[in-house]
Amino acid sequence: MSASATSVPAAGGRFFTGFTKLCKGLAVVLFLGHILVQLFPLATSYLALIPARTIPFAWNLVTAGYIEQTIPGVIVSILGLLLFGKSLEPLWGAKELLKFIFIVNLSTSVCVFVTAIVFYYITQEESYLYTPLSGFYGVLSGLLVGIKQILPDQELSLLVLKIKAKWIPSIVAFSSVAVSFFLKESISYLPIILFGIYMSWIYLRYFQKRLEVGLKGDPSDEFSFASFFPGFLRPILDPIASIFHKLLCGRYERSEATGQTLDGSQFPGSCSIEANRRRERGQRALEQRLAEKLAAAGSTEDMPQQQQLLLQEVDASDKV
């Protein structure tokens, strides 16, 4: 009994430890932002995203993401930031995580601003222009996408259910849409969550620098746009994903084309990128194996011939 009694606190202790300095610092910013708007409600007009005032007060595109107007909101945001950041920062590094948070927050705010303006012109409802929009939910949703990318098969416990991490962003998106039909207040959070998921995927898919392979983005099929949805929807979603892909990367790929034919079952552009990866892996393997053979032979006289043989072996493995 004593062993089990001590193991539970230990597990709980590990759950609430190991938070990074960056995430703890941002948690303090979220807490202070909440206290500020509670003590000085007028500050909401300058720090939250109010589309009608964004043109003169453009800084609210950045500050809105760090302002939580409710107590439950600030609690969820701080806990989510600390827990998700603890998983992501050791792999990305503090600089990359901070860059990710800034880009997702800013791009989400810009998309929410444009959407509000469009809806105002369509409906002529002034509430779209003057409702203060703020919250860290866009970044939290983006961090979930990051978890999906690096730990897709990790099982997370949600109440009595165990769900793989790769499905969490989709569940959050669908749940937010469903709740918005019943709770009118939640509609203001819906675009922040949805754009947070989508803009974080755009960044991770196409633009994040991956130093370990010297490439940008993640072209794997497991991280495609369709991977957020059940498999039976893929025939519908793949053409949509192709349009966005061509808009974002079409020009670059045309300039870097290798002449390979793309397989329709694969995400557009993934073939050429995977070919680059194979070449890099082959080059590293070539250098390592060449060094081993030269060391075994104890001579460099046959180096050109051995290098040629190894290159042929690497080319053969690439074709496979």
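Trainee: Is Y120 buried or exposed?

Mentor: This is a predicted model, in which local features need pLDDT of at least 70 and side-chain atom pairs count only at pLDDT 80 or more, while totals for chains, interfaces and linings use all residues. Residues are numbered from 1 along each chain as its sequence is written, and side-chain values use heavy atoms, with hydrogens and water left out. Buried means under 20% relative accessible area, exposed over 50%, and partly exposed in between, with a 1.4 Å probe and protein chains only. Because the relative accessibility of Y120 is 18%, this residue counts as buried.

Trainee: Is Y121 buried or exposed?

Mentor: The relative accessibility of Y121 is 60%. Therefore Y121 counts as exposed.

Trainee: What kind of aromatic pair do Y120 and Y121 form?

Mentor: A pair of aromatic rings is described by the distance of the centres and the angle of the planes. Rings of Phe, Tyr and Trp (its six-membered ring) pair if their centres lie within 6.5 Å; planes under 30 degrees apart count as stacked, over 60 as edge-to-face and the rest as tilted. A search of the whole structure finds 16 aromatic pairs. In the pair of Y120 and Y121, the centres are 5.4 Å apart and the planes lie at 65°, and the pair is edge-to-face.

Trainee: Which ring lies under the charged end of R53?

Mentor: A charge sits over a ring if NZ of Lys or CZ of Arg is within 6 Å of the ring centre and within 35 degrees of the ring normal. K148 lies over the face of F228, 4.6 Å from the ring centre. For R53, the distance to the ring centre is 5.1 Å, and the ring is that of Y46.

Trainee: How are helices α2 and α5 oriented to each other?

Mentor: Helices (H or I, at least four residues) and strands (E, at least two) are DSSP runs, numbered from the N terminus. Axes are lines fitted to C-alpha atoms, for helices over the stretch in contact, and angles run from 0 to 180 degrees between N-to-C directions; under 35 degrees counts as roughly parallel, over 145 as roughly antiparallel, 65 to 115 as roughly perpendicular and the rest as oblique. The axes of α2 (residues 21-39) and α5 (residues 71-92) come within 9 Å and cross at roughly 170°. Therefore α2 is roughly antiparallel to α5.

Trainee: Is A48 buried or exposed?

Mentor: A48 is placed in the loop between α3 (44-47) and α4 (60-63). Contact means heavy atoms within 4.5 Å, and beyond four places in sequence A48 touches residues including N60, P132 and L133. Because its relative accessible area is 0%, A48 is buried.

Trainee: Where is Q124 found?

Mentor: Q124 is a residue other than glycine with a positive phi, near 60°. Its place is the loop between α6 (94-123) and α7 (127-130).
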